[in-house]
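Here is a short briefing for a first look at this structure. Keep the model open while you read.

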Amino acid sequence: MEEIANQLALLSVKGIGPIQCRKLIKDFETLNQLFSAKKIDFYNKYKDRGNKIHERILQAKKAINSSKELIAFCHLNAISITPYSSKSYPTELKKCVDAPQILFSSGSKTWNNSPALSIVGTRKCTNYGIEAVNNICKNLSKHNITIVSGLANGIDYYAHHFALENKLTTNAVLGHGLNHIYPKYHLGIAEKIKKNGCLISEFNPSEKPTKYTFPKRNRIIAGISTATLIVETPYKGGAMITARMANDYNKDVFSIPGNIKSKQSQGCHQLIKNNQAHLISCAEDIINLMGLEPKPIERKKFRAKNELNDLHRKIIKKVENFPSMTTDELSMVLEISIQDLQIQLTKMELNGDIKLLFGKKIKILI
């Protein structure tokens, strides 16, 4: 708790961002040594800049009690605090030089469970863009992937909506603190996201949305994901900022082409034309480019062998002793017709006891 409180206090000082925070900690080896350093220590390390840095550390020390109160508030409101040094910090985001020093989250921290695709675009999306997001989420539903977006109007909203509809994990990166949902009428979908994934923010829970906080959060959307998909955006849309940041992070950027006369697709076309994004026409393109693996098949809960009837136990025992035995050979050994055996094998497969393989072979599952 003390280390997180010190980090929050440090970040509360104007002029100290995540990059500066990590550099100071590295220069003094630990946070405790940074906070206990004397004025001369700062001068020795930074010369004339040392006095200004020392003043900022003094400001941070005064903010420690407020930071402890913030930690207590987060605990009471089920808000997780994940520092950059934590093993549970998002792996992809940690690769980015300007990654947040602290992440606040609400819901299930699923960000390291699967590859993530950010889907972003214009707030003024068309039916074409909505249909594209719907089709992509529907066709990605059989694969192990998380959908990330920013909970804004338009493409962001539909990315979360169709991810939830297709039982895909989805995370929302907010441009404000977790105490606020913007726009307010997205409160319902925000609650659904928390049950399926999580809401993420680098801002203190009480921080309100401003025109400056949303562009800042775009780097997290780009950084926390393996790749970013731009669905619809004009030349100067916010999604173009996210695409540029993803390119800067050496992450794959995908773009869906649209009508050449559509303003909403101008940015997408520019990205493709400038070789800043892969042209995407279907979910299969994303699956191939990201190398996505299918979700494991959910099987019925296996039964214990003592729950089987006598004939089924005999079948299990024979196949365990002779794994290469075919159904024809099994029919002869058990002295029952192939038709009757097939009926029993089908029942066993439906119960999750066995799996019938190519070449009349049988795989035991219990």
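**The largest pocket**

In this predicted model, 19 residues line the largest pocket, and L11, S12, E202, N204 and K216 lie nearest its centre. Helix 1 (2-11), helix 6 (64-76) and strand 2 (102-107) are the elements that each give two or more residues to this lining.

- The space in the largest pocket comes to about 400 Å³.
- Helix 6 gives the most to the lining of the largest pocket, with three residues.
- Ten residues of the lining of the largest pocket are nonpolar, six are polar and three are charged.

**The second largest pocket**

- The second largest pocket holds about 280 Å³ of space.
- Its lining is made by 18 residues. Nearest the centre of the second largest pocket lie G121, R123, G237, G238 and A239.
- Two or more residues of this lining come from each of helix 11 (213-223) and helix 12 (238-248).
- Helix 11 gives the most to the lining of the second largest pocket, with five residues.
- The lining of the second largest pocket has seven nonpolar, eight polar and three charged residues.

**Helix 1 against helix 6**

- The crossing of helix 1 and helix 6 is right-handed.
- On the helix 1 side, the contact uses I4, A5, N6, L8 and A9. On the helix 6 side, it uses I64, S67, K68, L70 and I71.
- Seven nonpolar, two polar and one charged residues make up the contact of helix 1 with helix 6.

- Strand 4 (residues 146-149) and strand 5 (residues 169-173) run parallel and are joined by four bridges.
- V148 stands opposite N171 of strand 5.
- In a regular strand, side chains alternate between the two faces of the sheet.

**Helices across the sheet**

**A hairpin**

- Strand 10 (residues 354-357) and strand 11 (residues 361-364) run antiparallel, and four bridges join them.
- K355 has K363 in strand 11 as its bridge partner.
- Three residues lie between strand 10 and strand 11 in this hairpin. G359 is in the turn, with a positive phi of about 85°.

**Backbone features in loops**

- Which residues does a cis peptide bond join? The cis bond joins Y182 and P183, with omega about -5°.
- P183 sits in the loop between strand 5 and helix 10 (187-196).
- A78 has a positive phi, near 55°, and is a residue other than glycine.
- The loop between helix 6 and strand 1 holds A78.

How values were computed
Residues are numbered from 1 along each chain as its sequence is written. This is a predicted model: local features need pLDDT of at least 70, side-chain atom pairs count only at pLDDT 80 or more; totals for chains, interfaces and linings use all residues. Side-chain values use heavy atoms; hydrogens and water are left out. Two strands pair if DSSP finds at least two bridges between them. On a 1 Å grid over the protein atoms alone, a cavity is a set of points where a 1.4 Å probe fits but cannot get out, and a pocket is an open set with protein on both sides within 12 Å along at least five of seven lines; lining residues have an atom within 4 Å of a point. Grid points are joined across faces, edges and corners, and a volume is the space filled by probe spheres set on the points. Ala, Val, Leu, Ile, Met, Phe, Trp, Tyr, Cys and Pro count as nonpolar, Asp, Glu, Lys and Arg as charged, and the others, Gly among them, as polar. A crossing is left-handed if the near helix is turned anticlockwise from the far one by less than a right angle, and right-handed if clockwise. Contact means heavy atoms within 4.5 Å.
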